[in-house]
Amino acid sequence: MIAVNSLRLRLLLGAVVSISLALAVAGTLLAALFRAHVERRMEAELMIQLEQIAGALDRLGPGQVILTHRPTDPRFRRAYSGSYWQVDGPDGPLFRSHSLWDVGLRLDPDGVADGGVHRHRIAGPQGQRLIALERSVTLPDAPGAYRVIAATDERELTVADAAFTRTLALSLGILAVALVVAVTIQVRVGLKPLQRLRAGVAAVRQGRIKRLEGPFPTETQPLVEDLNALLERNEEVVARGRIHAGNLAHGLKTPLSVLANEVDRLAADGAPQLAASMRGQIATMQRQIDYQLARARAAASVDVPGARVPVARSVAAVQRTLARLYLGRNLQFVIDIPADHVFQGEQHDLEEMLGNLMDNACKWARRRVAATSSRADGRLTITIDDDGPGLPPEQLRSALAPGARFDETVPGTGLGLAIVRDLANLYSGSIALGSGSLGGLRAELTLPAG
């Protein structure tokens with residue numbers, strides 16, 4: 001289905017209107033030219049008949065005019081055939097064709113110079129409309145002039161014109177269809193580069209390519225170059241944002257480390273309560289810095305087109321890191337991630353989310369941590385299960401809040417799940433917590449599939 005504001009529809013409608021108007025004008029002109037041509041041929045034939053009849057007029061004596069011979073056209077001998085001739089003298093009709101039978105041709109009197117020809121449209125013997133040519137002829141030593149009339153039925157012109165018009169309309173209709181088909185093919189071929197451009201942009205967005213590649217027509221090449229420049233500029237902005245975030249993190253952590261050292265010195269100088277209070281505030285500041293920097297990195301990279309990450313590879317990388325980190329606990333990892341499951345986004349962000357979820361599962365698991373994934377309707381759902389104690393229903397919603405911790409004996413900042421939630425939201429995804437099949441906590445991370 002073609003949209004109303006489609007460029008293809010506009011081109012096709014413009015072509016159809018132009019072709020229709022051009023063929024209509026051409027058909028009208030051709031029909032008029034054909035009718036004029038047929039009418040000239042009929043009049044030329046009537047002129048020949050006039051010449052024959054006028055040449056056959058002769059005078060035998062005073063008041064005696066004869067026709068030395070009659071026109072030989074058989075139509076003049078068939079009654080009411082549509083072809084007629086007549087010779088009028090000063091006192092009325094003298095001779096007429098057998099086709100007129102007992103009816104005469106009636107012309108209004110008018111003055112015609114000797115040898116001059118007048119054209120008339122008159123009524124025929126049976127009410128037909130006739131095209132008549134009249135010529136005035138004078139004979140030597142004969143008083144007055146003789147009117148020679150030759151006439152033919154106008155239906156011959158009308159029938160020929162109608163037959164030609166039908167054939168012309170059919171021919172022009174076929175030509176119009178052929179031209180519309182040709183224009184459709186031309187428009188389709190002409191818009192191919194735009195379809196290639198659209199497919200290329202979609203491929204960039206889906207992460208299959210980084211830049212628009214291949215030759216494009218001269219008219220679209222500047223657009224392709226501008227799009228590639230925009231993509232490159234976007235990557236530079238993201239890279240610069242990450243560098244600034246890293247610099248900010250380094251610039252803030254160094255003063256915090258100095259403060260932590262001063263707190264230790266304050267505790268050694270006999271102010272343990274003040275030192276403990278300051279140490280708590282420094283830890284809170286550190287958590288907030290980590291949380292906000294993670295959000296800033298994600299916000300800078302979430303709109304980068306062309307990013308696609310295989311989920312299985314990132315899960316495997318996180319699993320190897322956690323296996324070394326929790327080496328003494330002999331955790332069993334069960335990974336079931338299809339190789340064709342791809343996340344449409346940045347690898348760093350995916351590993352940040354997976355790292356927080358799987359690390360949280362490892363902290364609470366007794367022996368097993370499972371990671372699976374499914375895909376449907378362009379969405380990817382990654383499920384992390386553990387066989388730990390899980391969470392009661394009243395704590396599931398608050399578990400995603402920044403700084404939420406339900407057991408201070410377990411190491412952590414309470415920011416991991418909040419970071420996952422914020423990262424998922426930036427990708428129009430979501431994180432849901434519930435009870436898993438292993439008996440512990442289940443985390444379902446839903447993200448756009450690549």
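Author: In this predicted model, helix 6 (residues 311–325) and helix 7 (residues 347–364) have axes that come within 9 Å and cross at roughly 45°. An angle under 35 degrees would count as roughly parallel and one of 65 to 115 as roughly perpendicular, so helix 6 and helix 7 are oblique to each other. Their crossing is right-handed. On the side of helix 6, the contact is made by Val311, Arg313, Ser314, Val315, Ala317, Val318, Gln319, Leu322 and Leu325. Helix 7 contributes Gln347, Leu350, Glu351, Leu354, Gly355, Met358, Asp359 and Cys362.

Another pair can be described in these terms. The axes of helix 1 and helix 2 come within 9 Å and cross at roughly 160°. Angles over 145 degrees count as roughly antiparallel, which means that helix 1 is roughly antiparallel to helix 2. The crossing of helix 1 and helix 2 is right-handed.

Each of these two helices also carries a feature of its own. Helix 2 spans residues 155–190 and includes Ile185. Together with Val177, Val181 and Val189, Ile185 makes a nonpolar surface patch of about 360 Å². Helix 1 (residues 7–56) contains Glu39, whose side chain meets that of Arg121 in a salt bridge, with an N to O distance of 3.4 Å. Arg121 lies in strand 5 (residues 117–123), 82 residues apart from Glu39, and the pair thus links distant parts of the chain. The count of salt bridges in the model comes to 14.

How values were computed
Residues are numbered from 1 along each chain as its sequence is written. This is a predicted model: local features need pLDDT of at least 70, side-chain atom pairs count only at pLDDT 80 or more; totals for chains, interfaces and linings use all residues. Side-chain values use heavy atoms; hydrogens and water are left out. Patches are made of residues with over 30% relative accessible area and no salt bridge: like charges are joined within 9 Å, nonpolar side chains (Val, Leu, Ile, Met, Phe, Trp, Tyr) within 5 Å. Accessible areas come from the Shrake-Rupley method with a 1.4 Å probe; for residues, only the protein chains shown count as cover. A salt bridge is a side-chain nitrogen of Lys or Arg within 4 Å of a carboxyl oxygen of Asp or Glu. Helices (H or I, at least four residues) and strands (E, at least two) are DSSP runs, numbered from the N terminus. Axes are lines fitted to C-alpha atoms, for helices over the stretch in contact, and angles run from 0 to 180 degrees between N-to-C directions. A crossing is left-handed if the near helix is turned anticlockwise from the far one by less than a right angle, and right-handed if clockwise. Contact means heavy atoms within 4.5 Å.
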